[in-house]
Amino acid sequence: MTLPQLLERRLSVPVIGAPLFIISTPELVLAQCKAGIVGAFPALNARPPELLDEWLGRLTRELAEWDAAHPEAPSAPFAVNQIVHKSNDRLSHDLDLCVKHRVPIVITSLGARQDVNQAVHDYGGIVLHDVIHITHAKKALEKGADGLIAVAAGAGGHAGTLSPFALVQEIRAFWSGPLVLAGAIAHGRSVLAAQALGADLAYVGSAFIATREANATEAYKAAIVEASAADIVYTNLFSGVHGNYLRASIVAAGLDPAALPESDASKMSFGSGRSKAWRDIWGAGQGVGAIHQVQGAAELVARLRREYQAARQELFG
């Protein structure tokens with residue numbers, strides 16, 4: 001395993017809570033970090049942009065207070081997701097705040113930029129980059145990323161189409177550094193399976209939508225609990241980038257999930273220009289079948305840990 005040094009002895013289970021658009025706010029991130037997994041949120045969730053300064057200050061302060069009060073169980077570090085795409089007109093502003101607050105982990109998506117990576121490295125932070133195929137992986141490493149997040153088939157939100165077996169195997173042929181696997185991981189057994197494939201950490205997203213701290217409607221949380229893999233629809237209509245969404249929310253929007261038009265990828269937009277037309281379309285991954293109740297984030301982490309340890313015991317004694 002090749003865990004970054006800042007994660008050593010800080011995790012109760014080898015998991016990063018994926019940054020969830022709209023859903024991830026300081027309440028969820030704090031609960032995740034205190035429970036012993038990396039909590040993450042998209043910088044774009046802080047609206048207006050000035051709110052990001054307040055969020056980062058709060059996270060840094062409250063986690064330091066937790067660590068002082070719980071030296072036997074220090075918090076895991078937090079991460080901020082930056083959309084590195086030319087349409088994100090907030091990137092410079094948001095990156096400056098990450099530098100100001102010395103954010104431990106920056107997760108970059110939809111582009112790889114050497115200047116962004118260097119800015120994080122200058123204060124001692126690390127950069128993990130989302131990839132869905134090998135070309136993106138190699139380019140990210142060339143630009144200075146410290147690790148990769150392999151977003152395989154079945155992941156919630158923006159996701160690839162490659163099997164995790166294929167994607168991890170091909171990445172490990174040229175990369176021995178930190179590797180995170182995303183895609184339908186919502187059970188502790190799946191976390192262990194990600195490590196067996198060759199990943200260091202698992203990326204868990206959809207399961208945290210159905211937590212009390214998540215900034216999601218009760219209807220959204222209930223839909224996650226009730227859904228199975230068959231209820232997930234893969235389309236690029238809503239953002240210009242292919243992703244997985246809950247069928248029920250698509251139907252509620254008056255659309256036919258079986259006959260969705262293709263979106264023009266050249267018109268995808270992030271930052272202040274992001275469209276609100278599809279705000280009630282709910283992202284989710286194919287792992288939703290393992291989610292059976294709404295619970296606290298710490299309870300979910302404890303469940304993942306029990307399942308992970310039980311699977312290890314079953315396999316290795």
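Visitor: Why does Ile209 count as buried?

Guide: Ile209 has a relative accessibility of 3%, and the cut-off for buried is under 20%. So 3% falls on the buried side of that cut-off. Keep in mind that this is a predicted model.

Visitor: Where is Ile209 found, and what is it in contact with?

Guide: Ile209 is found in helix H8. Leaving aside neighbours within four places in sequence, Ile209 is in contact with Leu20, Ile23, Ala214, Ala216, Tyr220, Lys221, Ile224 and Gly283. Take Lys221 from that list: Ile209 and Lys221 are 12 residues apart in sequence, and their C-alpha atoms are 6.2 Å apart in space.

Visitor: What makes Gln82 a buried residue?

Guide: Its number again. Gln82 has a relative accessible area of 1%, and buried means under 20%, so Gln82 qualifies. Gln82 is found in strand S3, residues 78-83. If you skip residues up to four places away in sequence, Gln82 touches Ala43, Leu91, Asp94, Leu95, Cys98, Val106, Ile107, Thr108 and Ser109.

Visitor: Which strand pairs with S3 in the parallel sense, and over how many bridges?

Guide: That's S2, over 4 bridges. Two strands pair if there are at least two bridges between them, so 4 is enough for S2 and S3. In that pairing, Phe41 stands opposite Val80 in S3.

Visitor: How do you know that both faces of S2 are covered?

Guide: Look at each side in turn. Gly39 and Phe41 are buried on one side, and Ala40 and Pro42 are buried on the other.

Visitor: Why is helix H1 described as largely enclosed?

Guide: Because 7 of the 10 residues of H1 (residues 26-35) are buried, the rest of the structure largely encloses this helix. The buried ones are Pro26, Leu28, Val29, Leu30, Ala31, Gln32 and Cys33. They pack against strand S1 (15-17), strand S2 (39-42), helix H2 (51-69), S3, helix H8 (206-209) and helix H11 (297-316). Just after H1, Gly36 takes a positive phi of about 100°.

Visitor: Why is Arg9 called exposed, while Ala184 is called partly exposed?

Guide: Exposed means over 50%, buried means under 20%, and partly exposed lies in between. Arg9 has 76% relative accessibility, so it counts as exposed. Ala184 has a relative accessible area of 33%, so it lands in the middle class.

Visitor: What kind of peptide bond joins Arg47 and Pro48?

Guide: A cis one, with omega about 5°. Most peptide bonds are trans. Pro48 is placed in the loop between S2 and H2.

Visitor: What radius of gyration does the protein chain have, and how does it compare with a compact globule?

Guide: A compact globule of 317 residues would have a radius of gyration near 20 Å, and the protein chain has 18 Å, so the two agree. The C-alpha trace spans about 55 × 45 × 40 Å along its principal axes. Of the 317 residues, 52% are buried. And among contacts between residues at least 6 apart in sequence, 65% join residues at least 24 apart.

Technical notes. Residues numbered from 1 in each chain as written. Predicted model: local features only at pLDDT ≥ 70, side-chain atom pairs only at ≥ 80, totals over all residues. Heavy atoms only, no water. Helix = DSSP H or I, 4+ residues; strand = E, 2+ residues; numbered from the N terminus. Buried < 20%, exposed > 50% of the residue type's maximum accessible area, 1.4 Å probe, protein only. Contact = heavy atoms within 4.5 Å. Rg over C-alpha atoms; globule rule 2.2 N^0.38 Å.
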